[in-house]
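Please consult the sequence and the structure shown below.

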Amino acid sequence: MLVYILIFTFILGGRGAPTFSKDGNYGPMVPLVVNGSNMYYFGLIHTGTAVQAEAFCRKHNMDLISIETPEEHAFIEESLLNYMDLNDRHDTCVWTSGRRYDGGNKWIWGATGNPIHYTNWRAGQPDNQQKVENCLELTHLVDSGQIKWSDVPCDYKARYFICEYNNNTLDF
Ligand SMILES: [Ca+2]
Ligand SMILES: [Ca+2]
């Protein structure tokens, strides 16, 4: 509980955003950041692979994030720039649910199974180096201050991840 309180304090920092706590056994048990009908958990203190990040989200009845619109990307970008350690120039990978489909050039959001339409790739990405870059990360570009997308190996131990929660998560 203390950990959650610390996370809550760290993430929300007096911004007045509500903590989501649903009655019963189904709601996420971690504090969420709310943006319209979308709710997110920003994993800022864990380090792990894409599978480990996904397991954390599922454990809390969420999925790794799927960024479907420019508006959603803009909100996530603004939030990350507020929350993440911008002095960390080397390890800014943030896991999403984006996955290379069947080894080719198509991408899907693993959380929904839907093809990725809106994209915000970093210049030169995705480049599938060594043919093993099957996961979609968010990268903080120090020079421009932007958050862009890159493909990286899924077993990379990333410092950050984002879980997403919405009603659809519970309705299938
Ligand atoms: Ca989404
Ligand atoms: Ca790459």
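## Exposure of one residue

Why does I108 count as partly exposed? In this predicted model, I108 has 18 C-beta neighbours inside 10 Å. A residue is buried if 20 or more other C-beta atoms lie within 10 Å of its own, and exposed if 12 or fewer do. I108 therefore falls in the partly exposed class.

I108 belongs to strand β5, which spans residues 107-109. When residues up to four places away in sequence are not counted, I108 touches R99, Y101, G113, N114, P115 and I116. S97 lies 11 residues from I108 along the chain, and the C-alpha atoms of the two are separated by 8.2 Å.

## Burial of strand β9

Strand β9 comprises residues 160-165 and is mostly covered, with six of its six residues buried. The burial extends to both faces. One side carries Y160, I162 and E164, and the other carries F161, C163 and Y165.

## Pairing of strand β9

Strand β2 (residues 38-43) runs antiparallel to β9 and is joined to it by five bridges. Within this pairing, Y40 of β2 has E164 as its bridge partner in β9. Strand β3 (residues 63-64) also pairs with β9 in the antiparallel sense, over two bridges; the partner of L64 in β9 is C163.

Strand β4 (residues 94-100) pairs with β9 in the parallel sense, over two bridges. In β9, Y160 stands opposite V94.

Note on methods
Residues numbered from 1 in each chain as written. Chains lettered and ligands numbered in written order. Predicted model: local features only at pLDDT ≥ 70, side-chain atom pairs only at ≥ 80, totals over all residues. Helix = DSSP H or I, 4+ residues; strand = E, 2+ residues; numbered from the N terminus. Pairing = 2+ DSSP bridges. Contact = placed C-beta atoms within 7 Å.
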